[in-house]
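Please keep the view open while you read the points in turn.

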Amino acid sequence: MPGSIQREVALSDAPILELRNVTRKFGGLTAVNNLSFSVAPNSIHGLIGPNGAGKTTTFSLVSGYYKPTSGNVLYQGQDVSGLKTSRLAQRGLIRTFQGTTLFQEFSVLDNVRVGCHRSAGASFTSRITGRDATIERAADKKAREALELFDLGGLANEPASSLPHGHQRALGMAVALAADPTLILLDEPFTGMNPEETRRMMEHVRRIRDERDITIMLVEHDMQAVMGLCERITVMNFGEFLVEGTPQEIASDPRVIEAYLGRADDAA
Ligand SMILES: Nc1ncnc2c1ncn2[C@@H]1O[C@H](COP(=O)(O)OP(=O)(O)OP(=O)(O)O)[C@@H](O)[C@H]1O
């Protein structure tokens, strides 16, 4: 099948993201310890582990919210350790957050148009005041395409606040997509979703990976979603790399089972 041949070729490419011996300390606490792993381009890669394993800190290190105490983060083959979030976003590394970060009073379309400023080359102010007609039209087109990808085209003129939770999360993804990402970091994309919303969001994630040249990395506690969506999964425990593999390998690995059972109270 041509699709799988293409995917095998893509997976053999140089990694889009690589962590080399990354450590992050907060005072006396080591949240991430000597962590190394890499993410293949155009893949859907999961990062899992029990509560407090260091997943969120790792996302923050990759997306520029924290600097590593030591070690290196390479994105597209370049050392970006310590680069600010805005610089990384300009290079196409975009993180979405667990909580909704929409302009609730803006329309669905305007939320995405604001997200277009990187790709359309306009400032935030000109974005919302609509001063430059050419840029405005380009942003409008791009925003509508992003909405269509997430089945939100029919809701373009509704206020964001009127959308149910699942649609708001999809809108958050459309905003991220409008910024022309190369790598999207999804922070618990299925939190608070019912099974139908989760199923639709999984389809959306697969679709943007398949239709755009985008790599997806996600932190998620919903194991069914992680197993159904990711091609590779890295497992952390106590701030350290524990194991990596396919969903099948991870699900049957005794070290993973022990890591979760060992903290049965807080395992997802
Ligand atoms: N800013 C901070 N200051 C001090 N300690 C922190 C900070 N951020 C995280 N930690 C600590 O680092 C460790 C790893 O936390 P982190 O949030 O990265 O884990 P996690 O795997 O994302 O957990 P969860 O699944 O509960 O979100 C925890 O012990 C946490 O208390």
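1. In helix 4, the buried residues are Val108, Leu109, Asn111, Val112, Arg113 and Gly115. That makes 6 of the 8 residues of helix 4 (residues 108–115), so this helix is largely enclosed by the rest of the structure. Buried here means that 20 or more other C-beta atoms lie within 10 Å of the residue's own; with 12 or fewer a residue is exposed, in between it is partly exposed, and the C-beta atoms are placed from the backbone.

2. A word on what you are looking at: this is a predicted model, in which local features need pLDDT of at least 70 and side-chain atom pairs count only at pLDDT 80 or more, while totals for chains, interfaces and linings use all residues. Residues are numbered from 1 along each chain as its sequence is written.

3. The protein chain holds 12 helices and 10 strands. These are DSSP runs numbered from the N terminus, with helices being H or I of at least four residues and strands being E of at least two. Of the 268 residues in the chain, 39% count as buried.

4. How is the protein chain divided? It falls into domain 1 (1–92 + 181–268) and domain 2 (99–180), with bounds from an automatic or database domain assignment. Between them, 14 residues of domain 1 are in contact with 12 residues of domain 2, where contact means C-beta atoms, placed from the backbone, within 7 Å. On the side of domain 1 that touches domain 2, helix 3 (85–90) and helix 9 (195–211) each supply at least two residues. Helix 9 gives the largest share of that side, 6 residues.

5. Now to the open sheet: its 6 strands come in the order 6-7-8-3-9-10, with mixed pairing. Two strands pair if DSSP finds at least two bridges between them. Strand 6 (93–96) and strand 10 (240–245) are at the edges with a single partner strand each, so one side of each has no neighbour in the sheet. From one strand to the next, the twist averages 20 degrees.

6. Inside this sheet, strand 7 (residues 183–187) and strand 8 (residues 215–219) run parallel and are joined by 5 bridges. Leu186 is found opposite Leu218 in strand 8. Helix 12 (residues 254–261) lies across strand 9 (232–237) and strand 10, at about 130 degrees to strand 10. Such angles run from 0 to 180 degrees between N-to-C directions, with axes being lines fitted to C-alpha atoms, for helices over the stretch in contact.

7. Strand 4 is worth a visit too. Strand 1 (residues 17–26) and strand 4 (residues 70–75) pair in the antiparallel sense over 5 bridges, and Glu18 has Leu74 as its bridge partner in strand 4. Leu74 also stands opposite Asp79 in strand 5. Strand 4 and strand 5 form a hairpin with 2 residues between them, and Gln76 in the turn has a positive phi of about 50 degrees.

8. Which residues are around the ligand? They are Phe26, Leu29, Ala31, Gly49, Asn51, Gly52, Ala53, Gly54, Lys55, Thr56 and Thr57, counted as near if the C-beta atom, placed from the backbone, lies within 6 Å. Strand 2 (29–39) and helix 2 (55–62) are the elements giving two or more residues to this shell. Helix 2 gives the most, with 3 residues.

How values were computed. Contact = placed C-beta atoms within 7 Å.
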